[in-house]
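Take a look at the fold below. We will go from the overall layout to single residues.

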Amino acid sequence: MTWLDGDLNGEINPRDIKTHFIKNSKSANDSLSRSEFNGHSDNEFYTFCYESAVIARSGWFSPALKSSTKKGLGNSKKPTSLFDLLDLNNDNRIDLQEFKQPFKDMDKNSNFKVTREEVIRWLQTNNEIICKPHAKRIAIQLNNWK
Ligand SMILES: [Ca+2]
Ligand SMILES: [Ca+2]
Ligand SMILES: [Ca+2]
């Protein structure tokens, strides 16, 4: 899990978040567009989704899941990608404050450090949204792999 862990010490802290954001935008005052965001996070998430698909086998990537909305997220506008999930004010940009939100969500014990376990739990909670864009690619790969 190297996503966000800029100094690769195995946990994510607020400094890692900021470093990561600035690396992918022009400055801390800038914001990320959809393509900038997807460009730097896709492979990390693809790996996670692929691994969890291999482990789960039957699961979220079946086409049936696409139409069924098991729990829903409470209100009518359901995010369909991680970008939409993070873009809280729906202006099609992710700014630094929005970028920090998942960190707060991940940090269950609020000690300003996010461990690998906390990241995995968060990924699993949001797995349907995160993995949906990769579902087709993974399905193809798994079929080849059998
Ligand atoms: Ca770190
Ligand atoms: Ca926004
Ligand atoms: Ca924590």
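How many helices and strands are there in the chain? The chain has eight helices and four strands. Both are DSSP runs numbered from the N terminus: helices are H or I with at least four residues, strands are E with at least two. From the N terminus, the order is β-α-β-α-α-α-β-α-β-α-α-α.

This is a predicted model, in which local features need pLDDT of at least 70, side-chain atom pairs count only at pLDDT 80 or more, and totals for chains, interfaces and linings use all residues. Residues are numbered from 1 along each chain as its sequence is written, while chains are lettered from A and ligands numbered from 1 in the order in which they are written.

Two totals describe the chain. Of its 146 residues, 20% are buried. Buried means that 20 or more other C-beta atoms lie within 10 Å of the residue's own; exposed means 12 or fewer, and partly exposed lies in between, with C-beta atoms placed from the backbone. Among contacts with a separation of 6 or more, 57% join residues 24 or more positions apart. A contact requires C-beta atoms, placed from the backbone, within 7 Å.

Next, the core. A nonpolar core is a set of buried Ala, Val, Leu, Ile, Met, Phe, Trp, Tyr and Cys residues joined through C-beta atoms within 7 Å. The largest one holds 21 residues. Ile 12, Ile 17, Cys 49, Ile 94, Phe 103, Val 114 and Ile 130 touch the most other members. At least two residues each come from helix 1 (14-24), helix 2 (34-56), helix 4 (82-86), helix 5, helix 6 and helix 7 (127-131). Helix 2 gives the largest share, four residues. In soluble globular proteins, nonpolar side chains tend to be buried together. Ile 94 shows its surroundings well. Leaving out residues up to four places away in sequence, Ile 94 touches Ser 31, Leu 32, Phe 37, Phe 83, Leu 86, Asp 87 and Phe 99.

Now follow helix 2. It bends by about 45° at Ser 41; the bend is the angle between axes fitted to the seven residues ending there and the seven starting there. Phe 37, Phe 48, Cys 49 and Ala 53 are buried in this helix. Ser 35, also in helix 2, is exposed because it has 9 other C-beta atoms within 10 Å. Its C-alpha atom is 9.5 Å from that of Phe 83, 48 residues apart along the chain. Glu 51 of helix 2 is exposed too, with 11 C-beta neighbours inside 10 Å.

How do helix 5 (residues 96-106) and helix 6 (residues 116-125) pack? Their axes are 9 Å apart, at an angle of about 105°. The two are therefore roughly perpendicular, a class that covers 65 to 115 degrees. Pro 102, Asp 105 and Met 106 of helix 5 meet Glu 118, Val 119 and Trp 122 of helix 6. These contact residues comprise four nonpolar, no polar and two charged.

End in the loop between helix 5 and strand 4 (114-115), where Ser 110 lies. Most residues other than glycine have a negative phi. Ser 110, however, has a positive phi near 50°. Ser 110 is exposed, with 7 C-beta neighbours inside 10 Å. Phe 112 sits in that loop as well. Its phi is positive, about 60°. Phe 112 is partly exposed, since 13 other C-beta atoms lie within 10 Å.

Terms used: Axes are lines fitted to C-alpha atoms, for helices over the stretch in contact, and angles run from 0 to 180 degrees between N-to-C directions. Angles under 35 degrees count as roughly parallel, over 145 as roughly antiparallel, 65 to 115 as roughly perpendicular and the rest as oblique. Two residues are in contact if their C-beta atoms, placed from the backbone, lie within 7 Å. Ala, Val, Leu, Ile, Met, Phe, Trp, Tyr, Cys and Pro count as nonpolar, Asp, Glu, Lys and Arg as charged, and the others, Gly among them, as polar.
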